[in-house]
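User: I am new to this structure and would like to learn how to read it step by step. Could you guide me through it?

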Amino acid sequence: MSESRGPEGATERLPVLEKTTGSGDGAGDYGQSTSAADHEPPPPAGRAGRFWSPRRVPAALTALVLFVGAGFFLYDIASVRAGRPAMRWRRELADQLAHRPLDDTWVLVGAGLVAVLGLWLLLLALSPGLRRILPMRRTHADVRAGLHRDLAALVLRDRAMEVSGVQSVRVRVRRSKAEVRAVSHFRDLDDVRAELDATLAETVRGLGLARRPALSVRVRRLGRKG
């Protein structure tokens with residue numbers, strides 16, 4: 001602010017526009033502040049991979065079985081070390097393993113079951129799981145979002161019902177494909193199918209999925225195959 005004296009000696013304060021710190025020289029720089037964050041590009045988006053399931057139930061069951069088995073073996077070994085006889089089940093197991101040949105039917109069956117169980121556990125450990133969650137595009141490196149398949153199907157169904165001539169719709173969304181089955185009670189089937197293709201393609205783009213599912217649209221007349 002600056003001061004000036006009037007004819008009667010009174011002091012008046014004249015308004016002065018103060019320029020804030022900024023890089024621009026135009027009139028738009030007055031009265032507003034700018035920061036370097038406003039001009040920085042958004043952080044690079046990361047890869048939108050699938051969500052991994054915690055699989056608490058299989059992990060808990062496996063840990064429980066291993067804990068109980070190890071507990072029985074440790075208790076029996078400690079009992080034998082203390083001078084007591086081994087448990088009956090361990091003696092029978094050792095006797096069976098000592099006398100049964102490797103090509104015995106029950107040995108092969110048991111080995112097959114153990115191998116299948118091990119492969120199943122490896123599959124659970126190496127696969128992401130949560131197949132019903134569709135990953136969405138990442139616009140921020142530290143933010144991940146997903147859309148449930150049922151919700152995506154509900155959105156597609158609502159948009160399809162807005163098309164003129166559509167009486168009912170069934171939608172099934174998978175990881176790479178969205179199947180739409182519609183029933184039309186008036187209008188030409190080709191016109192309904194073309195409008196459905198355009199409407200649903202726009203809807204799929206608006207879902208913001210990292211991998212857009214391919215659309216499969218079929219329209220039929222009620223009471224006949226289309």
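Analyst: Let us begin with burial across the chain: of its 226 residues, 20% count as buried in this predicted model. The chain exposes about 16900 Å², and carbon and sulfur atoms supply 59% of that area.

User: What is the average pLDDT of the chain, and over which residues does pLDDT stay under 50?

Analyst: pLDDT is the predictor's confidence in each residue, on a scale from 0 to 100. Here the chain averages 77, with 76% of the residues scoring at least 70. Over residues 1-44, however, the score stays under 50, and for this stretch the model has 35 contacts beyond four places in sequence.

User: How many helices and strands does the chain have, and how do its elements run from the N terminus on?

Analyst: The secondary structure comprises five helices and seven strands, and, read from the N terminus on, the elements follow the order β-β-α-α-α-β-β-α-β-β-α-β. As for contacts in the chain with a separation of 6 or more, 51% of them are accounted for by residues 24 or more positions apart.

User: Where is Arg149 placed, and is Arg149 buried or exposed?

Analyst: Arg149 lies in helix α4, which covers residues 149-161. Arg149 is buried yet has no salt bridge. A salt bridge needs a side-chain nitrogen of Lys or Arg within 4 Å of a carboxyl oxygen of Asp or Glu, whereas the nearest side chain of opposite charge to Arg149, that of Asp150, is 7.5 Å away.

User: Which residues does Arg149 touch, not counting those up to four places away in sequence?

Analyst: With those sequence neighbours set aside, Arg149 touches Arg131, Arg132, Leu134, Val173, Arg174 and Arg175.

Definitions and conventions. Residues numbered from 1 in each chain as written. Predicted model: local features only at pLDDT ≥ 70, side-chain atom pairs only at ≥ 80, totals over all residues. Heavy atoms only, no water. Helix = DSSP H or I, 4+ residues; strand = E, 2+ residues; numbered from the N terminus. Buried < 20%, exposed > 50% of the residue type's maximum accessible area, 1.4 Å probe, protein only. Lys, Arg positive; Asp, Glu negative; His and termini not counted. Contact = heavy atoms within 4.5 Å. Areas by Shrake-Rupley, 256 points an atom, 1.4 Å probe, with all protein chains shown as cover.
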